[in-house]
Amino acid sequence: MERHVVWEPVGAVGTEHLTVEFEEELSADGTVVGISENEGTAAPFRVRYRVACDGAGAVRRVEIDPLGVGNGIKLEHDGDGNWTENGVPAADLAGCRDVDISVTPFTNTVPIRRLDLASGETARISVVYLDVPAMTTTAVEQRYTCLEPLDSDGGVFRYESLESGFTADLPVDSDGVVLDYPGVFRRAYP
């Protein structure tokens with residue numbers, strides 16, 4: 001099943017259009033246009049990302065293209081915790097199972113679906129954090145807690161960055177796709 005989703009950042013200029021397919025293997029293709037703030041300087045950016053997961057919901061490939069401005073990132077995961085970045089082994093990312101692309105709420109969907117948590121269950125995960133538009137990768141720790149389990153009406157999951165202490169309760173639809181990321185993103189379509 002192919003779906004289209006559009007998000008807008010809260011309190012900022014920008015938009016994202018995502019096409020995602022929920023077949024045996026999840027695949028996503030998104031384009032984000034926005035304005036980044038870095039040390040008081042604003043600059044427009046645009047980026048296209050692709051995420052491919054295997055049948056178990058594990059991320060196998062991520063591609064980020066800054067659309068003509070700088071170099072992109074291509075990550076591949078072997079399923080055993082080992083990553084390559086642009087074809088070179090990335091030992092600093094070893095053990096990470098998921099990815100978190102800074103400019104989209106979509107990458108919360110991947111662990112929510114993969115973990116399949118029951119009400120009250122919590123999971124700590126290692127994640128490759130992709131800072132866009134800086135185009136850098138870092139291994140980080142995150143936690144997901146199921147507040148309302150995923151069903152035909154959706155669910156609610158608490159996201160926690162164990163690096164920064166940031167926490168957000170994320171309502172999701174029946175596919176685990178974020179409806180609202182309080183104070184950060186809001187769904188504009190559908």
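User: What makes the residues of the lining of the second largest pocket nonpolar, polar or charged, and how do they divide?

Analyst: The model is predicted: local features need pLDDT of at least 70, side-chain atom pairs count only at pLDDT 80 or more, and totals for chains, interfaces and linings use all residues. Residues are numbered from 1 along each chain as its sequence is written, and side-chain values use heavy atoms, without hydrogens and water. Ala, Val, Leu, Ile, Met, Phe, Trp, Tyr, Cys and Pro count as nonpolar, Asp, Glu, Lys and Arg as charged, and the others, Gly among them, as polar. This lining therefore divides into nine nonpolar, one polar and one charged.

User: Which residues line the second largest pocket?

Analyst: Among them are Val-33, Gly-34, Arg-46 and Met-135. Lining residues have an atom within 4 Å of a pocket point; a pocket is an open set of points on a 1 Å grid over the protein atoms alone, where a 1.4 Å probe fits, with protein on both sides within 12 Å along at least five of seven lines.

User: Which strand gives the most to this lining of the second largest pocket?

Analyst: Strand 4, with four residues. Strands are DSSP runs (E, at least two residues), numbered from the N terminus.

User: How much space lies in the largest pocket?

Analyst: About 600 Å³. A volume is the space filled by probe spheres set on the points, joined across faces, edges and corners. Of its 36 lining residues, the closest to the centre include Ser-102 and Phe-185. Strand 3 supplies the largest share, six residues. The lining of the largest pocket holds 20 nonpolar, ten polar and six charged residues.
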